[in-house]
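Please open the model in your viewer and keep a selection panel at hand. The stops below proceed from one selection to the next.

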Amino acid sequence: MAQNATYEDATLDAWYDALMNLLDLATAASDRATVLANLRFIAHQIDLLDSWPLDNTIEPAPIFRA
Amino acid sequence: MSFDSFRASASAVARAVAAREITAVEVAEAALAAIATRNRKINAVTVVTAARARRKAAAVDAAIARGEQPGPLAGVPYAVKNLFDIEGIVTRAGARINADNQPAQADAFVVSRLESAGAVLVGGLNMNEFAYGFTGENFHDGATLNPHDPRHITGGSSGGSAAAVAAGIVPFALGSDTNGSVRVPAALCGVFGLKPTYGRLSRRGLFPFVASFDHAGLFARSTEDLARIYDAMQSYDAEDPACVPRQTEPTLPTLSEGTRGLRIAVAGDYFRRGADPAALGAVDRIAAALAVQRGINLPQAEIARAAAYLISAAEGAALHLQRLQTRAADFDPSVRDRLAAGAMIPASVVVRAQRFRAWFQARARAIFADVDVILAPATPCRAPLIGQTMMRIDGREAPVRAELGIYTQPISFIGLPVCTVPLWTTGERLPLGVQLIGPAWREDLVLRVAQALEAAEIVAAPVAPL
């Protein structure tokens with residue numbers, strides 16, 4: 001997600017439509033708005049995550065050890 | 001029967017049974033009677049294992065009669081969140097979909113540990129569907145009601161577990177915590193909660209949600225009980241890939257050592273924003289009682305919460321993708337819609353979130369180099385009303401469901417052990433909770449601090465009057 005993106009409705013709609021088809025998910029029209037609202041929230045979280053630089057040497061933690 | 005098994009702690013019940021002041025059968029019957037009378041007021045229990053409880057209690061009494069060692073929890077009744085496998089019972093995980101599954105073929109690993117300790121399982125407990133929620137409201141089985149004020153939520157997703165303990169139905173219960181699902185309901189129901197270090201307790205036989213964050217945890221009304229039960233549950237299990245091969249590290253022997261010499265600090269910055277003054281005041285009361293004058297800042301905690309959210313949404317969606325494709329109509333709509341959105345998160349985002357997790361863990365370890373326990377709010381407010389979707393917090397409107405976990409998510413993100421302690425305010429029916437956060441594998445430290453607060457009567461978990 002581009003930083004400070006305004007999350008145009010058309011962008012979210014395109015994201016939703018493409019992935020719903022790709023993932024073979026079908027929701028009622030009444031659910032579309034709720035899923036889109038969740039996507040908008042997710043987009044904000046992605047922006048937050050992208051805002052912090054991570055050194056290339058930091059590896060992901062797939063099986064976590066505390 | 002003069003022994004008050006209704007209000008007794010698990011430790012007191014175990015001592016009384018071992019000393020033959022009361023039989024395990026009498027205690028089990030009292031627990032089953034409590035379910036029959038009190039559960040209708042709070043809707044915490046979803047399945048009663050009466051026959052199993054009676055068999056186990058009789059076996060405990062027979063063992064004692066033979067002069068055998070009955071186990072540290074012999075005769076103590078307990079219940080488990082209904083995502084724990086119970087042999088012969090379908091593991092619902094709060095879902096209608098799971099009702100079609102075959103019954104579990106064996107107890108969950110930690111349930112078998114408690115069986116070996118002599119504890120008596122009396123039932124399964126209500127929860128948010130598939131553990132995806134912080135409110136304790138179940139779309140299919142109804143909300144569990146807060147025993148201290150039934151108009152209010154219990155918190156979740158282990159709402160039934162916290163409520164059953166708060167209502168005196170059982171002296172302890174098991175729950176699970178992925179992003180706060182032990183700590184939030186413990187705080188909102190006024191009981192002690194323990195979320196151990198990630199990888200400490202086996203998750204074998206727990207219906208999963210987010211493999212990266214799922215922990216087994218527990219609720220009780222005393223710190224002695226938390227320590228005793230947690231110690232009985234500890235054991236390495238090679239069948240759980242997240243379980244770490246550490247030796248058992250008992251916490252009961254050092255529980256009463258107090259806080260002398262412990263370096264305790266209050267979490268600032270992110271953990272001082274977005275809360276009711278009362279929630280921050282609860283932390284301040286704990287800090288004052290412990291004479292804490294030091295603060296620390298966990299850097300980028302807001303981003304930690306975002307990363308935890310993204311990993312949870314993506315992993316939860318991946319787990320349920322086939323069910324979303326074939327049984328969408330059988331979900332709680334609010335769970336279905338969040339899962340659908342989570343399925344759309346790009347893989348690169350999830351990998352970045354896991355990389356941030358490694359970075360955040362390193363920052364936290366650096367802080368714990370000269371701090372032993374960190375204090376933080378458990379929730380931003382007292383329990384909201386059942387059905388409430390928005391709340392006013394810190395001068396803004398915020399969604400109940402997402403906001404209840406803002407202080408718990410960054411901590412479980414890096415698997416640190418946490419004990420949640422309950423505080424009460426004169427004139428208020430509902431409690432608040434504070435997180436006592438320790439470095440990895442130091443459950444002993446957080447329990448020591450909790451016990452010191454309990455001994456000083458700063459925190460307590462009374463049975464709700466109902």
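**First stop: a salt bridge in chain B**

Select B:Arg327 and B:Asp330, whose side chains form a salt bridge with an N to O distance of 2.9 Å. The term denotes a side-chain nitrogen of Lys or Arg within 4 Å of a carboxyl oxygen of Asp or Glu. B:Arg327 counts as partly exposed because its relative accessibility is 25%, whereas B:Asp330, at 17%, counts as buried. Here buried means under 20% relative accessible area, exposed over 50%, and partly exposed in between, with a 1.4 Å probe and protein chains only.

This is a predicted model, in which local features need pLDDT of at least 70 and side-chain atom pairs count only at pLDDT 80 or more, while totals for chains, interfaces and linings use all residues. Residues are numbered from 1 along each chain as its sequence is written, chains are lettered from A and ligands numbered from 1 in the order in which they are written, and side-chain values use heavy atoms, without hydrogens and water.

**Further salt bridges**

Next, select B:Asp269 and B:Arg273, which are also joined by a salt bridge (2.9 Å, N to O). B:Asp269 is partly exposed at 41% relative accessibility, and B:Arg273 is partly exposed at 40%. Then display B:Arg52, B:Lys56, B:Asp107 and B:Glu115 together, as salt bridges link them in a network.

In chain A, select A:Arg32 and A:Asp17, whose closest N and O atoms are 2.9 Å apart in a salt bridge. This pair links distant parts of the chain: A:Arg32 is in helix H2 (residues 29-50) and A:Asp17 in helix H1 (residues 9-22), 15 residues apart. Helices (H or I, at least four residues) and strands (E, at least two) are DSSP runs, numbered from the N terminus. Over all chains, the count is 33 salt bridges.

**The interface between chains B and A**

Which residue of chain A forms a salt bridge with B:Arg336? Select A:Asp31: the closest N and O atoms of the two residues are 2.9 Å apart. Between chain B and chain A the count is 2 salt bridges.

Now show the whole interface, where 44 residues of chain B are in contact (heavy atoms within 4.5 Å) with 35 residues of chain A. The buried area, meaning the accessible area (1.4 Å probe) that two parts lose on being put together, summed over both, is about 3,500 Å², and carbon and sulfur atoms give 69% of it. Highlight B:Met344, B:Arg352 and B:Arg355, which supply 21% of the area that chain B buries against chain A, more than any other three residues.

**The nonpolar core**

Select B:Phe172, B:Leu375 and B:Val421, the residues with the most contacts inside the largest nonpolar core, which has 173 residues. Such a core is a set of buried Ala, Val, Leu, Ile, Met, Phe, Trp, Tyr and Cys residues joined through side-chain atoms within 4.5 Å. H9(B) gives the most to this core, with 12 residues. Another core, of 11 residues, lies apart from it and includes B:Phe134 and B:Val400.

**Backbone details**

Finally, inspect the backbone. Most residues other than glycine have a negative phi, and most peptide bonds are trans. B:Gly156 and B:Ser157 are joined by a cis peptide bond with omega about 10 degrees; B:Ser157 lies in the loop between strand E3 (120-125) and helix H5 (159-166) of chain B. B:Asp394, not a glycine, has a positive phi near 50 degrees, and lies in the loop between strand E10 (390-393) and strand E11 (396-399) of chain B.
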